[in-house]
Amino acid sequence: MGRLSVDLLVLGAGVAGVYAALAAEARGAKVLLLSKDPLPSGSTPWAQGGIAFPLDEADLEAHLQDTLRAGRGLVEERVARAILAEAPRHLARLRAFGLPFHPEPTREGGHSRPRVRHLGGDQSGLLLLRGLLARLQSPILQGTMAASLLLAQGRVAGVLALSPEGPLEVRAGAVLLATGGLGRLFPLTTNPEGATGDGMALALRAGAALRDLEFVQFHPTALPNGALVSEACRGEGAILLNARGERFMERYDPLLELAPRDVVARAVHREREATGGVFLDLRPVPNLETRFPTVVAQARALGFDPLKEPIPVAPAAHYAMGGVKTDLFGYTGIPGLYAAGEVASTGFHGANRLASNSLLEGLVMGERAALAALEDLAFPQGAEPLPSLAADPEALLALKAWMERAAGVLRSGKRLEEALRFAEGLPLREVAPERAIRPSLEAAHQVLLARLLLRMALLREESRGAHFREDFPQEAEEAYHLEARGEGIRRVPLGIE
Ligand SMILES: Cc1cc2nc3c(=O)[nH]c(=O)nc-3n(C[C@H](O)[C@H](O)[C@H](O)COP(=O)(O)OP(=O)(O)OC[C@H]3O[C@@H](n4cnc5c(N)ncnc54)[C@H](O)[C@@H]3O)c2cc1C
């Protein structure tokens with residue numbers, strides 16, 4: 001077995017991982033990144049809309065209020081305020097890196113004014129990641145999947161990974177999870193194949209708490225294969241039509257197509273059910289082909305020409321608001337283990353992420369977590385890998401079909417119960433991590449997370465009767481987070497760490 005030792009091991013090479021690594025190497029730390037997939041990997045390079053930065057000091061409060069409103073009463077204001085206050089420093093740094101931001105910010109759903117900075121038309125994430133990778137000195141092992149965390153004396157001390165050359169043990173003074181989300185749990189998703197919730201499952205197995213898993217954001221406008229049609233398209237004039245050719249958003253929200261995502265997703269879902277389809281008319285968008293080249297190419301690849309006709313769209317699982325619970329320093333509560341980016345739950349997004357706040361969180365929290373981890377390096381002797389969980393990938397396919405009906409935009413307690421019963425019946429077994437194989441590990445992560453997610457969704461529905469129904473209140477009546485540790489799920493009052 002191969003063996004390596006570093007100061008900081010970063011799992012994941014999306015925005016959070018790479019930005020964290022840049023911060024750590026700038027302080028002289030020996031850093032290694034693992035990326036399960038070839039670069040550019042993760043959701044980051046797929047991000048189209050951009051990064052939300054407060055426009056100036058005066059806009060900070062408005063950006064905060066928009067974040068709180070979108071988050072439905074479950075945003076931790078203290079966390080959001082801290083992240084937004086740091087945002088301008090990161091924008092200045094990215095500019096100093098030479099990233100070619102468009103001079104004018106754009107507007108996306110839920111934002112009260114245009115403040116989303118984009119790059120290369122709709123290639124924001126790709127150009128951001130390329131710009132960060134170009135500056136990175138630390139090595140990235142591509143095609144290398146963390147299979148299990150190593151534990152020593154109550155501390156996370158590295159990982160056991162599956163590399164193309166075989167098992168690899170990496171010992172580290174601290175491990176930073178930056179493994180992204182779990183969208184692949186659902187059959188229709190905008191997320192890349194690797195978004196199987198690995199970091200969340202690894203952290204849970206090591207004793208960390210997972211929080212707010214039941215909050216999965218559905219993007220209202222995905223093509224039939226899950227390819228995203230950016231919200232910015234609606235920001236620049238695209239309109240939604242049902243199968244009868246009627247513009248319908250005025251019946252759902254005064255902000256029309258720019259209402260918060262959950263509102264638009266539910267409206268699209270209802271109209272699809274009622275009329276048999278929903279279409280996005282992109283023809284009102286000025287300079288469509290140069291402004292949204294990716295969208296145009298993806299639609300054409302499926303045989304639709306957005307310059308000539310409205311294109312079919314449906315809601316798809318898009319972003320995990322929940323994840324590994326951390327404080328404002330990315331600390332998970334397990335010595336040696338940090339998390340940042342979509343894998344983490346800081347409380348910034350509450351029940352519903354404001355558009356383009358996630359890349360921002362990846363930057364701010366990536367740096368914060370890296371710096372905190374460097375303050376806390378330790379190299380205990382005698383680390384052992386935790387056994388990995390494996391599952392039958394075939395069973396996962398059936399589970400995914402359930403996830404669509406149960407926890408997608410179709411929301412009813414009965415369906416959730418049925419899905420939970422089904423998920424609980426799927427067997428998971430322990431295997432030596434070095435003998436695990438990727439599809440089986442990923443399947444196990446997804447089954448584990450599906451069980452927790454469905455249970456949390458049911459608990460929330462029982463106790464408040466609202467989240468999974470149309471009448472989810474503007475402000476949560478009773479604000480609390482649901483947190484899972486091992487098998488147990490408990491309520492945690494908002495803002496109490
Ligand atoms: C289509 C799409 C469009 C989006 N548009 C926007 C937008 O415009 N603005 C915005 O703010 N947000 C957007 N988002 C959300 C945003 O892109 C993501 O939340 C963000 O990029 C996540 O970054 P990350 O660094 O946390 O993880 P990711 O970028 O997802 O990276 C995860 C990394 O972890 C690696 N990994 C995973 N598991 C393992 C493992 N077991 N071992 C080793 N490596 C592993 C992956 O290979 C990858 O390198 C979009 C998301 C999607 C899917």
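Author: Strand 6 (residues 145-152) and strand 7 run antiparallel and are joined by 7 bridges. The model is a predicted one, in which local features need pLDDT of at least 70, side-chain atom pairs count only at pLDDT 80 or more, and totals for chains, interfaces and linings use all residues. Residues are numbered from 1 along each chain as its sequence is written, and side-chain values use heavy atoms, with hydrogens and water left out.

Reader: How many bridges join strand 7 to strand 8?

Author: Strand 7 is joined to strand 8 (residues 166-177) by 6 bridges, and the two run antiparallel. Here Ala161 stands opposite Leu168 in strand 8. Strand 7 and strand 8 also form a hairpin, with 2 residues between them.

Reader: Why is Leu162 called buried?

Author: Buried means under 20% relative accessible area, exposed means over 50%, and partly exposed lies in between (1.4 Å probe, protein chains only). Leu162 has 14% relative accessibility, so it counts as buried. Its place is in strand 7 (residues 155-163), where strands are DSSP runs of E with at least two residues, helices are runs of H or I with at least four, and both are numbered from the N terminus. Strand 7 is mostly covered, with 9 of its 9 residues buried.

Reader: Which residues is Leu162 in contact with, leaving aside its neighbours within four places in sequence?

Author: Contact means heavy atoms within 4.5 Å. Among the residues that Leu162 contacts are Gly143, Thr144, Met145, Pro433, Ile437 and Leu441.

Reader: How do you know that helix 5 is mostly covered?

Author: In helix 5 (residues 198-205), 7 of the 8 residues are buried. They are Asp198, Gly199, Met200, Ala201, Leu202, Ala203 and Leu204. Gly207 follows helix 5 and has a positive phi, near 105°.

Reader: What makes strand 11 and strand 13 the edges of their sheet?

Author: The sheet is open, has 3 strands in the order 11-12-13, and shows antiparallel pairing. Strand 11 (239-242) and strand 13 (311-312) each have a single partner strand, so one side of each is left without a neighbour in the sheet. Helix 7 (residues 261-275) packs on the sheet and touches strand 11 and strand 12. The direction of helix 7 makes about 25° with that of strand 11, where axes are lines fitted to C-alpha atoms, for helices over the stretch in contact, and angles run from 0 to 180 degrees between N-to-C directions. Strand 12 (residues 278-281) pairs with strand 13 in the antiparallel sense over 2 bridges, and Leu280 stands opposite Ile311 in strand 13.

Reader: Why is the protein said to be as compact as a globular protein of its length?

Author: The protein has 13 helices and 22 strands. Its radius of gyration is 21 Å, close to the 23 Å that the globule rule gives for 497 residues, so the protein is as compact as a globular protein of that length. The radius is taken over C-alpha atoms, and the rule is 2.2 Å times the number of residues to the power 0.38. Of the 497 residues, 64% count as buried.

Conventions:
Pairing = 2+ DSSP bridges.
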